[in-house]
Amino acid sequence: MTDHAPNEARVIPLRPGPAAPVPAVSGPAASGSPAVPAAAPREPLWRHLVGDVLRKERQAQERTLKDVADEARISMPYLSEVERGRKEASSEVLAAAAGALGLGLGDLLARTHAELVRVTSRRSAVPARSVRNGSVRGGSAHDGLCLAA
């Protein structure tokens with residue numbers, strides 16, 4: 001048998017956080033392999049934000065989960081999963097749930113976007129960055145939000 005180093009994956013974050021000190025590593029990883037720094041706080045998931053917005057609106061209207069699910073013509077357990085951020089609902093399901101609450105799909109998305117901005121701005125009070133030679137000090141030059149369907 002040969003003595004090969006185990007396969008090690010390298011994780012490259014989409015939006016690097018502020019530089020953190022790299023912890024000392026002992027054992028096989030210390031022999032030339034880069035140490036993996038501690039994970040930065042994660043961006044909230046879209047499904048969690050949408051679920052929070054739906055739940056807050058339903059509760060503000062003092063309506064039951066069953067009432068909204070019946071009006072939206074979706075199952076109550078599924079709507080519950082959507083509100084808890086456990087399911088990635090289709091645009092049709094989101095439109096139906098929003099409609100049952102008297103909102104349009106655009107209203108739901110606008111409120112969800114506002115919640116995303118509120119949550120992320122509270123998390124990262126990052127000082128202004130300066131661009132030099134195409135790179136950005138303290139982060140990536142491509143520091144935007146990307147949503148995929």
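Which exposed residues does the face of α5 turned away from its buried side carry?

**View 1. Helix α5 has a buried side and a side turned away from it.** Gly 106 and Arg 122 are the exposed residues on the face turned away from the buried side. The helix runs over residues 105-123. It has 19 residues and reaches 27 Å from its first C-alpha to its last. That is close to the 27 Å expected at 1.5 Å a residue. Its buried residues are Leu 108, Thr 112, Glu 115, Leu 116, Val 119 and Thr 120. Seen down the helix axis, the buried residues of α5 fall within an arc of 120°, so they line one face. These residues pack against two other helices, α1 (46-60) and α4 (91-100).

**View 2. Thr 112 sits buried in helix α5.** Its relative accessibility is 0%. Thr 112 counts as buried because the cut-off is under 20%. What does Thr 112 touch, not counting residues up to four places away in sequence? The partners are Trp 46, Leu 49, Val 50 and Val 53.

**View 3. A salt bridge joins Glu 115 and Lys 56.** Their side chains meet at 3.7 Å, N to O. The pair links distant parts of the chain. Glu 115 is in helix α5, Lys 56 is in helix α1, and they are 59 residues apart. Lys 56 is partly exposed, with a relative accessible area of 48%.

**View 4. Arginines take part in other salt bridges.** Arg 84 forms one with Glu 81. Their closest N and O atoms are 2.3 Å apart. Arg 84 is partly exposed, with a relative accessible area of 37%. Elsewhere, Arg 55, Arg 58 and Glu 83 are linked in a network of salt bridges. A search of the whole structure finds 10 salt bridges.

**View 5. The largest nonpolar core has 19 residues.** Which members touch the most other members? They are Leu 54, Ile 74, Leu 79, Leu 94 and Leu 108. Helices α1, α2, α3 (76-83) and α4 each supply at least two residues of this core. The largest share, 5 residues, comes from α4. In soluble globular proteins, nonpolar side chains tend to be buried together. Now pick out Leu 79. Leaving aside neighbours within four places in sequence, Leu 79 is in contact with Leu 65, Val 68, Ala 69, Ile 74 and Ala 97.

**View 6. Residues 127-142 have a pLDDT below 50.** The chain averages a pLDDT of 76, and 55% of the residues score at least 70. How many contacts does the stretch 127-142 have in the model, beyond near neighbours in sequence? There are 16. Where pLDDT is low, the predicted coordinates should not be read in detail.

Technical notes:
Residues are numbered from 1 along each chain as its sequence is written. This is a predicted model: local features need pLDDT of at least 70, side-chain atom pairs count only at pLDDT 80 or more; totals for chains, interfaces and linings use all residues. Side-chain values use heavy atoms; hydrogens and water are left out. Helices (H or I, at least four residues) and strands (E, at least two) are DSSP runs, numbered from the N terminus. Buried means under 20% relative accessible area, exposed over 50%, partly exposed in between (1.4 Å probe, protein chains only). Contact means heavy atoms within 4.5 Å. The expected span of a helix is 1.5 Å times one less than its number of residues. The arc is that of the directions from the helix axis to the C-beta atoms. pLDDT is the predictor's confidence in each residue, from 0 to 100. A salt bridge is a side-chain nitrogen of Lys or Arg within 4 Å of a carboxyl oxygen of Asp or Glu. A nonpolar core is a set of buried Ala, Val, Leu, Ile, Met, Phe, Trp, Tyr and Cys residues joined through side-chain atoms within 4.5 Å.
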